[in-house]
Amino acid sequence: MEIPRRSVLVAGLGVLATACSGHSSDASAPAGWVAPSRIGIGSYPADPTTARSDPTATGLPSVTLWVPGPGELVPACKVAAVRRVEAGGSGGQTALQVIDAQYGGLLADSASVLVVTRSWSTATGRLTTGGHTYDVRLSRAGASWRVTAVNPSRPGAPATHLTPAARRVLAEDRITLPPAAAADIRSGRVHDSVLTALLTVARTHRPHVSVVRTGHPLHVFGTTRLSDHPQGRAFDTWAIDGQSVVDPRTPRTPVEDYMHAVAAAGSYNVGGPYLLGAAPQWFSDDTHHDHVHAGFTT
Ligand SMILES: [Zn+2]
């Protein structure tokens, strides 16, 4: 009994050590997930795909329903999208926590809501963590919104070789990445321009990233123009230094400072809740009321 037990324990510690080397800032245990407080930012475990090999772990963490805070545009639309994802992700052996819900597009009668999640499963007899970002499409009928499609992120397999910039972003605890965004970077399909810009802005800010490559519409919503996201040339930030972009209690200055910082770091196309200059360097619309977009040409 002793030998197998010890080897399991050592294996488990190895896995946990690997997980903690990723993002120490949010490497708390699943049960320690902090319910949304002032702005909806909690701490949550770091590694999205690591199977935690703790043989004693049989329970799922408790999760909280996402609720729209003040400042949200069309909260009924976001709630309809989020509830669909929450309902699909929680069952007897699974639990799902919504980290953020941001618009992928918001028009008068249609919308895309990108629901960023972390999830847990005990289906294999041990607790595993993962998580997708879902592009939820909706259409409006009067005052209510109806879900018409749910498209989960598909980041692909991890690359056998990552650039130094990709490895540094994955190891940088000043950058908070949800599971799908981390998997995007591990896939090796995100351009170094994006990754080096993230590292640059992380010197002066702590970005909470929402979406990188997958889980985003192929086209700029409502147009036939290809988005930079699916091509690995963009990242979205939903909170900066612990303050969510959408929260009206977040002062304008730090959001503007961050938008200037991503432009200075090389983004040719920065969108957010405030219009800071002329296109294509700057843009602002309802879709970007809740996050800062940074696009890159290469
Ligand atoms: Zn974006």
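**View 1. Strand β11 and its pairing partners.** Strand β7 (residues 234-240) runs antiparallel to β11, with four bridges between them. Strands and helices here are DSSP runs numbered from the N terminus (strands E, at least two residues; helices H or I, at least four), and two strands pair if DSSP finds at least two bridges between them. The model is predicted: local features need pLDDT of at least 70, side-chain atom pairs count only at pLDDT 80 or more, and totals for chains, interfaces and linings use all residues. Residues are numbered from 1 along each chain as its sequence is written. A234 stands opposite G295 of β11. Strand β9 (residues 269-271) also pairs with β11 in the antiparallel sense, over three bridges, and N269 has G295 as its bridge partner.

**View 2. The two sides of strand β11.** In a regular strand the side chains alternate between the two faces of the sheet. In β11 (residues 292-295), V292 and A294 point one way, H293 and G295 the other, and all are buried. A residue is buried if 20 or more other C-beta atoms, placed from the backbone, lie within 10 Å of its own, exposed if 12 or fewer, and partly exposed in between.

**View 3. Helix α6.** The buried residues of α6 (residues 252-264) are V255, Y258, M259, A261 and V262. Seen down the helix axis, they fall within an arc of 160 degrees, so they line one face of α6; the arc is that of the directions from the axis to the C-beta atoms. On the other side, R252, T253 and A264 are exposed. Just after α6, G266 takes a positive phi of about 120 degrees.

Note on methods. The expected span of a helix is 1.5 Å times one less than its number of residues.
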